[in-house]
Amino acid sequence: MFKLVSDYKPSGDQPEAINSLVQGIKDGKHAQTLLGVTGSGKTFTMANIIEKVQRPTLVLAHNKTLAGQLYAEFKELFPENAVEYFISYYDYYQPEAYIAATDTYIEKDSSINDEIDRMRHEATKSLLTREDVIIVASVSCIYGIGEKDDYLSLALMLETGLEVPMDVVMGQLINMQYTRNDFDLVRGSFRRKGDIIDIWTPDSEHTLTRISFFGDEIDKISYVDAITGRTEYTKDYIELFPASHYATGRAKLNKAIDRIEAELEVRLKELRDAGDMIAAYRLEQRTRYDIDMLRETGFCKGIENYSRHIAGREAGEPPCTLMDFFPDDFLLFIDESHQTIPQVGAMYNGDRSRKEMLVQYGFRLPSAFDNRPLKFNEFEQRMGQTVFVSATPADYEKEHSEQTVEQVIRPTGLLEPEIFIRPVEGQIEDILAMLKEQKATGDKSLIMTLTKRMAEDLTDFLKKENIRVTYLHSDIKAVERMQILNQLRNDEIDVIVGINLLREGIDLPEVSLLMILDADKEGFLRSERSLIQIIGRCARNDHGRVVLYADEVTDSMMNAVSETNRRRKIQEEYNKVHNITPRTVKKAVRDIFDIVAENSKDSSEAKGRGRSSKGGIDPARLINEGVSGGSEEENNKLIDKLTIEMTKAAKDLDFERAAEIRDIIIELKGKK
């Protein structure tokens with residue numbers, strides 16, 4: 001059973017939202033929307049719905065960072081249940097591609113995060129072995145991951161007292177894509193020591209499965225610590241799943257090889273008839289090599305490109321994805337649906353356009369097209385009962401939802417900010433006057449422009465007026481971007497001038513004033529939905545204000561202002577009835593820059609090399625100084641330490657920090 005564990009109880013309009021959505025699910029409504037403002041506790045509402053409905057649940061997010069936050073929250077709320085995490089397992093991924101204009105072939109290059117790969121296996125195992133499962137996933141879950149039926153058919157069931165020769169068990173493990181390694185055991189491998197087989201399953205973090213034999217009989221099944229060798233507990237029965245989601249039986253693999261060879265002959269004839277002998281030669285050499293590897297080892301580099309043949313599917317049939325591992329009655333939450341839905345819809349076309357060049361020029365067989373994400377209509381067919389979650393639902397959600405439930409009351413009592421519309425004429429003088437008022441109170445401000453040039457020019461002007469200001473746009477690297485945000489929170493600057501990067505996902509409770517220039521310029525950055533999201537950046541402060549500078553009031557402006565005022569009125573009335581005083585969110589400033597502890601005796605020399613006075617490496621300073629100074633040997637040592645820290649951050653699901661460190665490593669490597 002799902003059991004929610006929390007010191008908090010639903011409050012504000014959470015109880016009504018929970019009850020309405022739960023009743024909608026019980027009534028069989030296919031799609032509903034939870035319209036929840038920023039800071040209203042949408043995750044807690046989702047958790048309560050899961051507990052009441054008691055169904056396996058998929059929570060879909062549009063990026064790894066958001067997925068990581070949701071995973072941590074659900075893990076805390078459901079400590080006794082299986083809360084799993086399923087995202088792309090690449091720390092770095094360069095897809096295979098061909099650029100015809102320059103005759104440039106780019107080979108696939110990737111770095112797999114072992115911990116995330118483990119968590120993906122843990123997710124699929126949980127779905128197949130228990131019912132109290134919550135999977136938090138990014139949109140990568142709509143990519144093919146191998147066939148569920150093959151994955152299940154290869155599962156190995158063992159129990160104490162079973163008579164089976166050790167060689168047979170080891171042979172089955174090899175068929176399941178495990179490798180034998182008697183010296184350096186890693187995930188997805190096994191070793192034999194006398195009458196014992198130790199298996200490190202791909203879903204296990206630090207525990208080995210030990211199968212002890214007495215002759216040809218399984219005498220004992222135990223779990224031991226991979227480091228200490230200490231037995232943790234024993235079991236009478238165990239089910240082992242393959243080491244790869246792409247594992248398949250030998251008979252099926254042989255049929256797949258025959259299908260690949262047949263397709264190869266057809267495609268070679270097409271290319272030769274068209275006179276493209278180079279593409280034909282290239283395709284034959286690459287494919288023949290892959291076929292030989294499949295025959296000998298059951299695996300080859302880029303095996304996913306043959307997934308259609310391995311699965312026995314026909315051309316154009318959708319791949320098997322994580323969603324196929326769920327039971328038919330699963331529940332789906334799509335978080336930030338206004339972002340996630342369009343991203344799901346765009347993934348197929350982007351993948352297809354890249355592969356068309358590879359197929360056309362003989363780098364891949366046409367069947368590579370079927371190693372793909374789901375098309376949007378295929379995704380819709382697999383959605384199950386769905387709850388869209390967003391502060392600004394898009395047209396798709398509005399058209400498909402049978403019920404929209406609002407959640408606009410914040411536990412903090414915070415209101416939507418007050419909104420003022422002022423003319424463009426005299427806006428600079430008005431901005432200066434307001435910034436001086438802000439300076440007197442110690443509050444911070446954001447200014448939104450439409451272009452990079454305008455952001456930079458306005459920043460230069462304000463600096464001449466002795467305003468502590470900097471700009472932020474897409475040319476600013478990740479580590480500098482985080483440094484700028486922390487400078488604002490640490491009172492090192494008072495104002496940030498930005499474009500759309502400040503629209504979503506940035507939590508700055510110190511900001512009480514937001515000024516939007518060119519608010520009447522209709523377009524993506526000044527649409528109703530974007531304006532509401534921008535205005536929400538100021539909803540974490542108890543005296544937040546937003547000023548829209550415009551010569552005319554557009555429909556988008558009018559709708560955004562009306563919706564914000566409507567929500568504010570509801571919040572004010574609730575606070576008045578319940579005697580609640582709004583209070584600004586208090587959030588500690590996280591110092592992300594001292595990331596690697598250095599034992600340096602000469603602190604002054606350390607400072608000169610871009611290290612902080614605390615003895616740690618200061619990435620911001622390294623970037624600002626162009627990652628200069630220090631010998632090649634010192635740079636290599638620094639890269640090694642940063643790589644360790646990057647891996648640790650990724651393991652801790654802190655992908656934002658991992659990305660920052662990655663950018664520094666790239667800078668350092670560029671200086672070598």
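**Surface patches, salt bridges and backbone**

Tutor: Glu-425, Glu-522, Asp-551, Glu-552 and Asp-555 form a negative surface patch. Please keep in mind that this is a predicted model.

Student: Where is Glu-552 found?

Tutor: Glu-552 sits in the loop between strand S25 (545-549) and helix H17 (555-577).

Student: Why does Glu-552 count as exposed?

Tutor: Its relative accessibility is 51%, and exposed means over 50%, so Glu-552 counts as exposed.

Student: Which residues make the nonpolar surface patch?

Tutor: Ile-421, Val-553 and Met-558 make a nonpolar patch of about 250 Å². Met-558 has its place in helix H17, and with 45% relative accessibility Met-558 counts as partly exposed.

Student: Let us step back to the whole chain. How many helices and strands are there?

Tutor: The protein chain has 21 helices and 25 strands. It comprises 672 residues, of which 53% count as buried.

Student: What share of the contacts comes from residues 24 or more positions apart?

Tutor: Among contacts with a separation of 6 or more, 73% are between residues 24 or more positions apart.

Student: Now the charged pairs. How many salt bridges does the structure hold?

Tutor: There are 44 salt bridges in the structure. In general, side chains of opposite charge can pair when their charged atoms come close. One of the salt bridges joins the side chains of Glu-96 and Arg-286, at 2.9 Å from N to O. This pair links distant parts of the chain, 190 residues apart: Glu-96 belongs to the loop between strand S4 (90-94) and strand S5 (97-99), and Arg-286 to helix H8 (residues 277-297).

Student: Are those two residues buried or exposed?

Tutor: Glu-96 is buried, its relative accessible area being 7%. Arg-286 counts as partly exposed, at 24% relative accessibility.

Student: What about Arg-313 and Glu-147?

Tutor: Their side chains meet in a salt bridge of 3.1 Å, N to O. Arg-313 is in the loop between helix H9 (307-311) and strand S17 (331-335), while Glu-147 is in the loop between strand S8 (133-138) and helix H5 (148-153), so this pair ties together parts that are 166 residues apart in sequence. Arg-313 and Glu-147 are both buried.

Student: Which residue forms a salt bridge with Asp-370?

Tutor: Asp-370 pairs with Arg-308, and the closest N and O atoms are 3.0 Å apart. Asp-370 lies in the loop between helix H10 (337-360) and helix H11 (376-381), and Arg-308 lies in helix H9, so parts that are 62 residues apart in sequence are tied together. Both partners are buried.

Student: One last topic, the backbone. What is the phi of Asp-103?

Tutor: Asp-103 has a positive phi of about 50°, although it is not a glycine. Most residues other than glycine have a negative phi. Asp-103 has its place in the loop between S5 and strand S6 (104-106), and counts as exposed at 53% relative accessibility.

Student: And Asp-518, what is its phi?

Tutor: The phi of Asp-518 is also positive, near 55°. Asp-518 occurs in the loop between strand S24 (511-516) and helix H16 (528-535). Asp-518 is buried, with a relative accessible area of 17%.

Terms used:
Residues numbered from 1 in each chain as written. Predicted model: local features only at pLDDT ≥ 70, side-chain atom pairs only at ≥ 80, totals over all residues. Heavy atoms only, no water. Patch = residues over 30% accessible without salt bridge, like charges linked within 9 Å, V, L, I, M, F, W, Y side chains within 5 Å. Areas by Shrake-Rupley, 256 points an atom, 1.4 Å probe, with all protein chains shown as cover. Salt bridge = Lys/Arg side-chain N within 4 Å of Asp/Glu carboxyl O. Lys, Arg positive; Asp, Glu negative; His and termini not counted. Charge placed at Lys NZ, Arg CZ, Asp CG, Glu CD. Helix = DSSP H or I, 4+ residues; strand = E, 2+ residues; numbered from the N terminus. Buried < 20%, exposed > 50% of the residue type's maximum accessible area, 1.4 Å probe, protein only. Contact = heavy atoms within 4.5 Å.
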